[in-house]
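These are my notebook entries on a few parts of one chain.

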Amino acid sequence: MTTRLYTHPIFLEHLTPPGHPERPDRLRAIERVLDDEAFAGLDRVQAPEGDEATILYAHPADFVARVRAAIPEEGIARIDADTTASPKSWQAAITAIGAANAAVDDVFSGRADNAFVAARPPGHHAEKTTAMGFCLFNTAAVAARYAQKKHGVERVAVVDWDVHHGNGTQDIFWDDPSVLYCSTHQMPLYPGTGAKSETGAGNIVNAPLAPQTGSEVFRDAFLSRVLPALDNFAPDLIIVSAGFDAHHRDPLAEINLTEDDFDWVTGQLMQRAARHSGNRLVSLLEGGYDLQGLAFSVAAHVGRLMKG
């Protein structure tokens, strides 16, 4: 497998207040672990700046203008209680979108079989018209729409294993049967969405996990709900909202996964990508706030992407 890694120094310049869990050190921890010789075969590419027009694939223009207006000239501005912006946040968010879209291009052109985008800010909480949950724009949603518009893709699946439900992705694709959204997440937990009964146009598959559960329950949720839905949908592309905050070390939740679980679930999705999508899989970093748990989990995830 050819696995492409996208990142960029600008992602370190999206600044958050002291003590905020979504901090630049997250990417530094990932960079350190992926510098190991085990990852010498990664195809490392600097993320390109994105085309601002592609944000409109998932968000209306007035919302995009509001986010731009919220970017401060200096210091840190609060968008809501959890979500902040600093002077370089716009460029970071645009570059995250550029990386995700470039990764989509790569898997359709054959330049890579799969890709991992190590970017911040994350995206899956950003709804059509609301920035929230550390997220400004919904990168996964933009990338899914980009695949449809640029490459004529009929069916895209977004699989989200972040410990927090991706309310934004669900909101954007709620009534769109051309996009399947599948999520495992702790419930109850922020943002309070993600019940099994939330099914959209039959294209939303939520598999909530009770606090203090771990590998067995997580894997069963995939085996019983997510993977059958993927097989029934037969996507042309799989996009992963790859949050690693369900790791047992993470401070923001109470799901007890290990690195082996992220290795396993990556392998399961790669099997479906091979079966339905010509191996095309694009993974986007979402959460993960314990630096050791994040680094080890990303290493397991990227290692499995490389192995096939």
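**Entry 1: helix α4.** I began with the buried residues of α4, which are Thr139, Ala140, Ala141, Val142, Ala143, Ala144, Arg145, Tyr146, Ala147 and Gln148. I take buried as under 20% relative accessible area, exposed as over 50% and partly exposed as in between, with a 1.4 Å probe and protein chains only. Helices (H or I, at least four residues) and strands (E, at least two) are DSSP runs, numbered from the N terminus.

I note that the model is predicted: local features need pLDDT of at least 70, side-chain atom pairs count only at pLDDT 80 or more, and totals for chains, interfaces and linings use all residues. Residues are numbered from 1 along each chain as its sequence is written, and side-chain values use heavy atoms, with hydrogens and water left out.

I find α4 mostly covered, with 10 of its 13 residues buried. The cover over these buried residues includes α3 (89–109), β6 (156–160), α5 (167–173), β7 (179–186), β9 and β10; contact here means heavy atoms within 4.5 Å. I checked the length as well: the end C-alpha atoms of α4 are 17 Å apart, which agrees with the 18 Å that 13 residues should span at 1.5 Å a residue. The expected span is 1.5 Å times one less than the number of residues. Just after α4, I read a positive phi of about 65 degrees at Gly152.

**Entry 2: Gln148.** I then looked up Gln148, which is found in α4 (residues 139–151). Gln148 has 16% relative accessibility and therefore counts as buried. Not counting residues up to four places away in sequence, Gln148 touches Val153, Glu154, Val156, Ser178 and Val179. With Ser178, the side chain of Gln148 makes a polar contact of 2.9 Å. I count as polar contacts pairs of N or O atoms within 3.5 Å; within protein, one must be able to donate a hydrogen and the other to accept it, and residues adjacent in sequence count only if both atoms are side-chain atoms.

**Entry 3: Thr83.** I placed Thr83 in the loop between β3 (77–78) and β4 (84–85). Thr83 counts as buried because its relative accessibility is 0%. A polar atom of the Thr83 side chain lies 3.0 Å from the backbone nitrogen of Gly133. Leaving aside neighbours within four places in sequence, I list Ala77, Arg78, Met132, Gly133, Phe134, Cys135 and Leu136 as the contacts of Thr83.

**Entry 4: helix α8.** I turned to α8 (residues 291–307), whose 17 residues reach 24 Å from first C-alpha to last, close to the 24 Å expected at 1.5 Å a residue. Of these 17 residues, 12 are buried, so α8 is largely enclosed by the rest of the structure. What covers them includes β1 (3–7), α1 (25–34), β5 (114–117), β9 (237–242), α7 (259–276) and β10 (281–285). At the N-terminal end, Asp290 caps α8, with a side-chain oxygen 3.3 Å from the backbone nitrogen of Gln292. Gly308 follows α8 and has a positive phi near 85 degrees.

**Entry 5: α1 against α8.** How do the axes of α1 and α8 cross, and within what distance do they come? I find that they come within 9 Å and cross at roughly 45 degrees. The contact is made by Asp25, Arg26, Ala29, Ile30, Val33 and Leu34 of α1 and by Leu291, Leu294, Ala295, Val298, Ala299 and Val302 of α8. Axes are lines fitted to C-alpha atoms, for helices over the stretch in contact, and angles run from 0 to 180 degrees between N-to-C directions.
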